[in-house]
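Q: I should like to learn how to read the features of a protein model. May we work through an example together?

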Amino acid sequence: MLCKKLHHAAFRCRDAAETAAFYTEILGLKFAHAMGEDHVPSTGKYSPHVHIFFEMEDGSNIAFFECPKDPGNMKDLESPDWIQHFAFEVENVQALNEAKSRLEARGLSVVGPTNHDDIMLSIYFFDPSGHRLELTVRTCDPARAARFEMEAPKVLEIWNQTHDWSQRDKAFGSMTGYS
Ligand SMILES: [Fe+2]
């Protein structure tokens, strides 16, 4: 496969120092790199900014730009706020529950744990810039996950035909993955 794993996904933040404190102190990520530039390296456009990277255990990163001179918002404000989010995988359900307690003790509002198809269990909260974050644990055995993979094209086909789930029984329940 060409793409080996996530290197980084990047978002805009309102304050890099506040963001660094959140991702290192509250989520325990490694502050791996900070790049300061007056011009965007890829385009040459003038935009004084700092680009900061926070590394997870597998070497993947969540990254941010603080760009004080650029217009726009920290994130898409038109779509519902649950759509754009970043999910971190945690080791097990106990780690998820302990994280929820720690986040709430720091004054954060946490939604969940929410069960998704018995394939993952997730909690949700927001970072200081308003980005929605998810901590999730895989709760599905590999055989069942393989059935979900087999069924995914059929689920998409029904979605493309109906754009609602009035005919969901054509897919859901048709294989043991959803039963
Ligand atoms: Fe998600």
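This is a predicted model: local features need pLDDT of at least 70, side-chain atom pairs count only at pLDDT 80 or more; totals for chains, interfaces and linings use all residues.

Q: In which sense do strand β7 and strand β8 pair, and over how many bridges?

A: In general, the strands of a sheet pair through backbone hydrogen bonds, either parallel or antiparallel. Here, β7 (residues 120–126) and β8 (residues 132–138) are antiparallel, and seven bridges join them.

Q: In what order do the four strands of the open sheet lie?

A: The order is β5-β8-β7-β6, and the pairing is mixed. The edges are formed by β5 (85–89) and β6 (111–116); each has a single partner strand, so one side of each is without a neighbour in the sheet. On average, neighbouring strands of this sheet are turned by 25 degrees against each other, direction ignored.

Q: Which strands does helix α2 lie across?

A: Helix α2 (residues 93–105) lies across β6, β7 and β8, and runs at about 15 degrees to β7.

Q: What span should helix α3 have?

A: Helix α3 (residues 142–162) has 21 residues; at 1.5 Å a residue it should span 30 Å, and this agrees with its end C-alpha atoms, which are 30 Å apart.

Q: Where does α3 bend?

A: The bend, of about 40 degrees, is at Glu-151, and the proline Pro-153 follows within four residues. After α3 comes His-163, with a positive phi near 50 degrees.

Q: Is α3 largely in the open or buried?

A: The number of buried residues among the 21 of α3 is zero, so this helix lies largely in the open.

How values were computed
Residues are numbered from 1 along each chain as its sequence is written. Two strands pair if DSSP finds at least two bridges between them. Helices (H or I, at least four residues) and strands (E, at least two) are DSSP runs, numbered from the N terminus. Axes are lines fitted to C-alpha atoms, for helices over the stretch in contact, and angles run from 0 to 180 degrees between N-to-C directions. Two residues are in contact if their C-beta atoms, placed from the backbone, lie within 7 Å. The expected span of a helix is 1.5 Å times one less than its number of residues. The bend at a residue is the angle between axes fitted to the seven residues ending there and the seven starting there. A residue is buried if 20 or more other C-beta atoms lie within 10 Å of its own, exposed if 12 or fewer, and partly exposed in between; C-beta atoms are placed from the backbone.
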